[in-house]
Amino acid sequence: MGVHEVSVGHSNQVLQVWECGGGPTRREGEVKTGKDFIGACLPQSLLCEHSCFCPQNGILRGVYPGSPTSWLFVVMTTLGSSYCNVDISMGLVCFIQRWLPEGCGPYRSPQTRTLLSMAIFSTGVWMTGILFFRQTLKLLLSYHGWLFEMHGQISHFTRVWAMCVRLLSGQRPMLYSFQTSLPKLPVPSVSATIHRYLESVQHLLDDEEYYRMETLAKEFQEKTAPRLQKYLVLKSWWAANYLQPPTHPQVSDWWEEYVYLRGRTPLMVNSNYYVMDLVLVKNTDVQAARLGNIVHAMIMYRRKLDREEIKPVMALGIVPMCSYQMERMFNTTRIPGKDTDVLQHLTDSRHVAVYHKGRFFKLWLYEGSRLLKPRDLEMQFQRILDDPSPPQPGEERLAALTAGGRVEWAQVRQAFFSSGKNKAALDAIERAAFFVALDEESHRYDPEDEASLSLYGKALLHGSCYNRWFDKSFTLIAFKNGQLGLNTEHAWADAPIIGHLWEFVLGTDSFDLGYSETGHCLGTPNPVLAPPQRLQWDIPEQCQAVIESSYQVAKALADDVELYCFQFLPFGKGLIKKCRTSPDAFVQIALQLAYFRDRGKFCLTYEASMTRMFREGRTETVRSCTSESTAFVQAMVQGRHLKANLQDLFRKAAEKHQNACRLAMTGAGIDRHLFCLYVVSKFLGVSSPFLAEVLSEPWRLSTSQTAQFQIRMFDPNKYPNHLGAGGGFGPVANDGYGVSYMIAGENTIFFHVSSKFSSSETNAQRFGNHIRQALLDIADLFQVPKADS
C-alpha cells in the first residue's frame, strides 16, 4: 500500500511548544504576526532549490524531460525547413532577425544573423515544449484514481493515463528530475476534515463526550476556521507544500520546526529511531572489515546522491515520489538552541567522526581526491581499535549531552564549546559526513534465543547513552562481532529515506564488495596512510558536572524503556494475500484486537503514511482505530458469531482501513490539515478550544510499517535469508505502546514493541504475545494453512 514511516509524539509536542512561555520566541526571519505570515507566503527566491549540485546536473534537471539531443533536433528541423523554403516559424525568425543589432561584430553576416535567429526561435519552441510537457505531467500526476481501484480491475481510463505518464516521463531521469512536475499537496476543505475527524473519534467517546466534541467542532467550523483556511489557501498558492513556507533561508517548514526542532525533551528514545542489520545471514565477524565495506558503500551512495545518479523511487514503476528529503542525508547535524534547534547541512565532508572506548577520532575518507578503498578503511578502523590511549577528563561521557535535555546542551555548548580546542573538536564531529560508534559489546539475533533481538534493539535505540552522537543525521553502530545498525535523527527525513540508503549499502556489501576467506576486506592496505586523528578536549569540572547530569537524565529514560522485538514465524505476506486483503490492514486490525485484549478498551491509534506523491510531502496520519475495526474486535472477543459473519466484519474493517490509507496518501488526511490550522491560529493570535483539544489527544498506540525492497539490489526469492528486521522507536505516550513492524517477505513478520516500565498499564512483552495470538486468530477465520511455528 505504499511506504510507511516512523512516528514521534507529534501533536502533544506541538501544543506544549506553543503553550510554554506564551508561545515561541521571535527569531530573525521568523513569522509571528498575521502581517508577517502573509509576507512569508510570498516567493523569496527563484533560484534552483538544488543549487548545491554541479551546474551540469542543474541544467539537465532544469530542462527535463527535454535534453540536449531534443534541442538539437528542434534546431535541425528549423534549419531543414528553411532549406526547403518552408517557414515553420510563421514569420517569427524574421521578426527576431530584425531585433538583432546590425553593423560590426558577430552579427554583420546575413547568414550568421539568420542562423542565430533560427537558434533563438528553436530554443524558444524547445523550452515552450518542455513547460507544456511538464505542466501536462503535473496534471496527470494529480490523478490518484488508480489507488482506489480494486486489484486486477484497472479501468480503461487508468490504463490510458498510465501510458501518458510513461510517455511524458522521459528517458533516464535523474534523482530530482520530477520535482517541478510533482503536484502540490492539496488543502482539504474544513468541512471534510471536520467530518472525518468526528467519524474517527465517535466510537472512542461516550454520547456526552461526543456531543461536546461535536459542538466544539461545529463552532470552530462556523466561526474560526474560515479565516484560518483563507490564510492556509493563500500560503498554498506560493509554497511548494502548504505545510512549509516558500523557499527561505531562515524559515524552516512548520512540520519540521514545531514537531521536531522545537522539542526540548531528549532526542534519544523520544524522537530518534533505530534500524537493524541483516539478521539471518552473516558476512564477517571482523568489526573493522565490516565497517570498511559499509563506510565505503555509504560514500559511494553519497557520490551517486550528489551526482543525482540515483533513480527516483516510483510507485507502480511510473509515479515518481518526492526526493527532496534525501538532500540532507549526509553532512548534517542538529545544532541545539535554547528555544529551537537548527539543522546544519554542509555541501560536502571528507571525514567521519568515530567513537571508541570513550575516545573521539577524526578519520579521513579520502587520500587526496581518491576515496579510500574498503581495505584501507578497515586498516584505519583497526588502528582506532588498537589505540591504547585513555579518554581525556570528561571525554568518555561527552556524547551524553546529545542524549539529555536540549536546553542544557545548548547552554553548555555556548559556554564551553564556542572557542579553542573544544570548538575545533566539536566542529570535527558536527561537520563529519556521519558518526561511527565502535562498540565493545556483541549483539546478533539468534533465532534460538528470542531475547537476543530485543537486546540488539535496545543497544541500537540508546546504547550506553553516551556512545552515540544523537544529533548527527545518523550514527553507524558497529558491534564487536561485526553486526551493524543505525540510530537516526528524525527531523531531517523519515524512515524510508534512510531505508533507501541502508538497502543500497547492505546489498553492495553482500553482493559487490565481499570479503576474503578470513573475513577481511578484499585488496591490500596502504600502510603509509596517516592514522586517524585523535580529537583533543579541555573539559573543565563545571562542564563535566553538566555532562554527568545529562547522562543521569538519559540513563533514567533508557532504563524506563521496555523493548520487545520478535520474529513472527507462522506466516507472512504470502498467507495474508490468500485472505484477499492488504497485509498492512491485516496487521493493523490484529493490533486493534491485541490492544483490546491487553487493555480492555480501544484508543486513538496512529499509523504513519507517506505523502511523497506530492512535492516536498512527508507524512500523514492514518487513524487506524475505526468503527469498523472496533465492531470486528468486539465480535471476536464475544465469540458468539459465525465465522462467515466475522469474515464479513473483518473485510469491512480492512476495506475501511485501506480507504483511509488511500485518502491520507492523496492529501485528504485529517491531522496535518488540523495541525496547520492550529499553527495559523497561533500566528494570528486566535484561540481555538477545538484545535487545542484535538492536538492534545494522546496516541497511546503509535504504529509504523518499515519499508523494504525500494531498490531491488537483489532477488529476494533467490536470497530469501537476506532480510533485515526493520527497526523501531520508543513509545509516544507514557502509558502507551510504540509498534513498528516489517512484513519481511512471504513467510515472516518482524515486530518491535516498546513501552515504559514506569507505566503499570503497559507491558511490551505481554502486548507482543497478544499480537501473536491476534494474528493467528484472524488467520484461522479464513482457514488458510500456516507454516509450523
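Phe95 lies in helix H5 (residues 92-99); helices are DSSP runs (H or I) of at least four residues, strands (E) of at least two, numbered from the N terminus. The model is predicted, with pLDDT of at least 70 required for local features and 80 or more for side-chain atom pairs, while totals for chains, interfaces and linings use all residues. Residues are numbered from 1 along each chain as its sequence is written, and side-chain values use heavy atoms, without hydrogens or water.

Phe95 counts as partly exposed because its relative accessibility is 40%; buried means under 20%, exposed over 50%, and partly exposed in between (1.4 Å probe, protein chains only). Leu92, Phe95 and Trp99 make a nonpolar surface patch of about 380 Å². Patch residues have over 30% relative accessible area and no salt bridge, and nonpolar side chains (Val, Leu, Ile, Met, Phe, Trp, Tyr) are joined within 5 Å. A salt bridge places a side-chain nitrogen of Lys or Arg within 4 Å of a carboxyl oxygen of Asp or Glu. Areas follow the Shrake-Rupley method with a 1.4 Å probe.

The largest nonpolar core holds 98 residues. Core members are buried Ala, Val, Leu, Ile, Met, Phe, Trp, Tyr and Cys residues joined through side-chain atoms within 4.5 Å. Met298, Phe434 and Phe690 touch the most other members. Beyond four places in sequence, Met298 contacts (heavy atoms within 4.5 Å) include Phe330, Phe434 and Trp502. A second, separate core has 55 residues, among them Tyr445 and Trp469.

Strand E1 (residues 273-276) pairs antiparallel with E12 (residues 484-488) over four bridges; pairing requires at least two DSSP bridges. Tyr273 stands opposite Thr488 in E12.

Note on methods
Patches are made of residues with over 30% relative accessible area and no salt bridge: like charges are joined within 9 Å, nonpolar side chains (Val, Leu, Ile, Met, Phe, Trp, Tyr) within 5 Å.
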